[in-house]
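This report covers selected local features of one chain. The sequence and structure are shown first, followed by notes on individual residues.

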Amino acid sequence: MVGLGETPEEVEELMDDLRRVDCHILTIGQYLQPTHKHYPVAAYITPEQFALYREKGLKKGFSKWKALHWYAPLIMRKTDPFYTKRSK
């Protein structure tokens with residue numbers, strides 16, 4: 001999960017740690033606050049940043065990769081009923 005206040009350097013460090021224990025599959029997804037009672041989103045990660053994570057992950061040796069950034073823009077739209085409920 002990204003979007004909780006981590007830095008890109010921390011994400012890369014985590015990738016290095018995972019490769020050191022021979023992990024070959026990595027999935028990174030955007031944290032979305034389920035309700036107003038849960039921890040808030042610190043940042044919405046851009047598709048460009050997900051692409052950078054993907055590029056760096058592949059260079060580090062991950063053979064399978066998934067970056068889930070596609071849902072965050074739907075949440076951010078003010079016309080989305082879920083967004084409207086959350087912002088009250």
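In which loop is glutamine 33 found? In this predicted model, glutamine 33 belongs to the loop between β1 (25-29) and α2 (47-60). Glutamine 33 counts as buried because its relative accessibility of 11% falls under the 20% cut-off.

The side chain of glutamine 33 has polar contacts with backbone oxygens, including that of threonine 35 and that of histidine 38. The distances are listed below.

| Side chain | Backbone oxygen | Distance |
|---|---|---|
| glutamine 33 | threonine 35 | 3.1 Å |
| glutamine 33 | histidine 38 | 2.7 Å |

Glycine 5 sits elsewhere, in the segment before α1 (8-20). Is glycine 5 buried or exposed? Glycine 5 is exposed, because its relative accessible area of 52% is over the 50% cut-off. With neighbours within four places in sequence left aside, glycine 5 contacts Glu10 and Ala42. The C-alpha atom of glycine 5 is also 8.1 Å from that of valine 41, a residue 36 positions away along the chain.

The remaining notes concern aromatic rings. How many aromatic pairs does the structure hold? The count is zero. A ring does take part in another kind of arrangement: arginine 19 is placed over the face of phenylalanine 62, with 5.8 Å to the ring centre.

Definitions and conventions:
Residues are numbered from 1 along each chain as its sequence is written. This is a predicted model: local features need pLDDT of at least 70, side-chain atom pairs count only at pLDDT 80 or more; totals for chains, interfaces and linings use all residues. Side-chain values use heavy atoms; hydrogens and water are left out. Helices (H or I, at least four residues) and strands (E, at least two) are DSSP runs, numbered from the N terminus. Buried means under 20% relative accessible area, exposed over 50%, partly exposed in between (1.4 Å probe, protein chains only). A polar contact is a pair of N or O atoms within 3.5 Å; within protein, one must be able to donate a hydrogen and the other to accept it, and residues adjacent in sequence count only if both atoms are side-chain atoms. Rings of Phe, Tyr and Trp (its six-membered ring) pair if their centres lie within 6.5 Å; planes under 30 degrees apart count as stacked, over 60 as edge-to-face and the rest as tilted. A charge sits over a ring if NZ of Lys or CZ of Arg is within 6 Å of the ring centre and within 35 degrees of the ring normal. Contact means heavy atoms within 4.5 Å.
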